[in-house]
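Subject: A structure for you to look through

Hi,

Here is the structure I promised to pass on. Please open it next to this email, and then read on for what I found in it.

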Amino acid sequence: MAHAGTDAVKFAYWVPNVSGGLVISNIEQRTNHSAEYNRKLAQIAEKAGFDYALSQIRFTAGYGADEQHESVAFSHDLLAATTTLKVIAAILPGPWNPALAAKQLATISYLTNGRVAINLVSGWFRGEFHAIGEHWLDHDERYRRSEEFIRALRGIWTEDSFTFRGDFYRFNQYSLKPKPPQVPEIFQGGSSRAARDMASRVSDWYFTNGNTPAEIAKQVDDIRAKAKANNHSVKVGVNAFAIVRETEEEAKAVLAEIIVKANPEAVNAFGHEVKNAGKASPEGEGNWAKSSFDDLVQYNDGFRSNLIGTPRQVAERIVDLKRAGADLILLGFLHFQEEVEYFGKHVIPLVRELEGADQAASLAAE
Ligand SMILES: Cc1cc2nc3c(=O)[nH]c(=O)nc-3n(C[C@H](O)[C@H](O)[C@H](O)COP(=O)(O)O)c2cc1C
């Protein structure tokens with residue numbers, strides 16, 4: 001069983017830069033994908049104690065998200081509107097190549113005092129690739145390409161006269177100037193075996209779908225053991241959809257309403273697409289292999305982390321996820337601005353209290 005680190009658990013929120021929020025449901029959401037809404041949200045979040053914001057990359061609609069603002073440009077705008085928040089921009093190999101991404105991110109890092117990070121995603125949506133004329137590689141080939149992408153980014157950002165001979169990318173004595181003031185942190189999404197193997201070799205952070213502490217601990221143990229064998233270390237971020245209300249009944253009623261008002265055709269079509277994307281992996285699984293209809297109403301199984309209840313219940317469950325090995329909790333909300341503020345006021349202080357108690361107990365036990 002994995003053990004918690006001593007660092008305070010970090011908090012990130014999903015930037016709603018695509019329309020329709022983070023659930024495939026017709027429930028009313030006071031969330032909006034406009035720049036104005038998002039700038040204000042980023043300012044609220046950094047004041048509330050959030051460390052990171054994660055923006056999303058989508059090229060087309062699919063099961064919601066009729067409109068999608070581009071992730072790197074949008075992230076830069078949020079960085080310009082804030083002073084301490086780090087913003088993670090999503091990059092999809094295929095449409096992006098590492099030369100452009102390295103150059104673009106180095107400049108954004110320079111402009112924003114080193115606060116930009118990236119989330120290297122590997123793709124799950126074949127229809128999107130088809131729509132933009134990109135080759136749809138097999139599951140493990142996508143990860144092989146992503147790993148080369150990450151190795152190329154690191155090389156370009158840290159070496160002069162960088163030479164790389166990959167199957168997907170090639171560089172010849174390339175010197176990027178100026179280098180970024182800080183090498184951007186590299187996050188990645190995905191829980192399949194290929195995703196974990198990649199994390200254990202090259203990523204700084206492994207993002208995974210929502211799950212119970214016991215299931216998270218299994219993944220953490222697996223990737224930490226592999227990373228150790230590779231002389232690498234990787235931190236873990238766990239997705240969750242938070243519904244925090246004064247009473248547990250209220251919070252559960254909101255969850256029930258989200259699910260009752262789900263759009264069944266869109267949820268089933270999304271489930272079909274993501275399960276197929278995972279089935280193409282050699283082990284025939286992937287991120288959403290065990291997701292039920294209710295789970296799939298939230299894009300990344302966020303209900304499974306069960307941050308649904310009172311501030312105290314939610315704080316306790318966050319600390320349980322930390323004990324299972326989570327270094328960061330990535331959060332989605334129904335009404336982002338109001339709920340991020342509420343979370344900062346009522347949940348984060350309790351988490352810090354519980355973390356302090358854990359630390360005192362472990363010191364006493366030494
Ligand atoms: C936290 C998180 C964020 C993600 N963000 C995006 C995104 O913005 N765009 C995208 O196309 N895929 C995104 N993905 C999908 C992953 O890159 C990956 O394709 C998917 O999780 C399939 O993983 P698997 O290999 O485990 O089946 C995200 C995944 C996670 C866990």
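Asp301 is buried, because 25 other C-beta atoms lie within 10 Å of its own. (Buried means 20 or more other C-beta atoms within 10 Å, exposed means 12 or fewer, and partly exposed is in between; C-beta atoms are placed from the backbone.) Asp301 sits in the loop between helix 10 (293-296) and strand 11 (308-309), and its phi is positive, about 55°, although it is not a glycine. Helices here are DSSP runs of H or I with at least four residues, strands are runs of E with at least two, and both are numbered from the N terminus.

Before you go further, please note that this is a predicted model: local features need pLDDT of at least 70, side-chain atom pairs count only at pLDDT 80 or more, and totals for chains, interfaces and linings use all residues. Residues are numbered from 1 along each chain as its sequence is written.

Now look at Asn231, in the loop between helix 7 (213-229) and strand 9 (235-241). Its phi is also a positive value in a residue other than glycine, near 60°. Is Asn231 buried or exposed? Asn231 counts as exposed, because it has 7 C-beta neighbours inside 10 Å.

Another loop to visit is the one between strand 6 (170-174) and strand 7, where you will find Pro178. A cis peptide bond joins Lys177 to Pro178, with omega at about -5°.

Next, the overall fold. The chain has 13 helices and twelve strands. Which strands form the barrel, and in what order? Eight strands close into it in the order 1-2-3-4-7-8-9-12, with parallel pairing (strands pair if DSSP finds at least two bridges between them). From one strand to the next, the twist averages 25°. Helix 2 (residues 71-80) packs on the sheet, where it touches strand 2 (52-54), strand 3 (86-91) and strand 4, and its direction makes about 170° with that of strand 3. As an example of pairing, strand 4 (residues 116-120) and strand 7 (residues 186-189) run in the parallel sense over three bridges; Leu120 has Gln188 in strand 7 as its bridge partner.

Two helices are worth a look as well. The axes of helix 1 (residues 35-48) and helix 12 (residues 336-346) come within 9 Å and cross at roughly 5°. (Axes are lines fitted to C-alpha atoms, for helices over the stretch in contact, and angles run from 0 to 180 degrees between N-to-C directions.) The two helices, helix 1 and helix 12, are therefore roughly parallel to each other, a label for angles under 35 degrees. Among the residues of helix 1 that meet helix 12 are Leu41 and Ile44. Contact means C-beta atoms, placed from the backbone, within 7 Å.

Finally, the inside. Of the 366 residues of the chain, 49% count as buried. The largest nonpolar core has 101 residues, and those with the most contacts inside it are Ala12, Ala53, Ala242, Ile329 and Leu330. (A nonpolar core is a set of buried Ala, Val, Leu, Ile, Met, Phe, Trp, Tyr and Cys residues joined through C-beta atoms within 7 Å.) Helix 5 (residues 139-158) gives the largest share of this core, six residues. Leaving out residues up to four places away in sequence, Ala53 touches several others, including Ala12, Leu78 and Ile88.

Enjoy exploring!

Key: Contact = placed C-beta atoms within 7 Å. Parallel < 35°, antiparallel > 145°, perpendicular 65-115°, else oblique.
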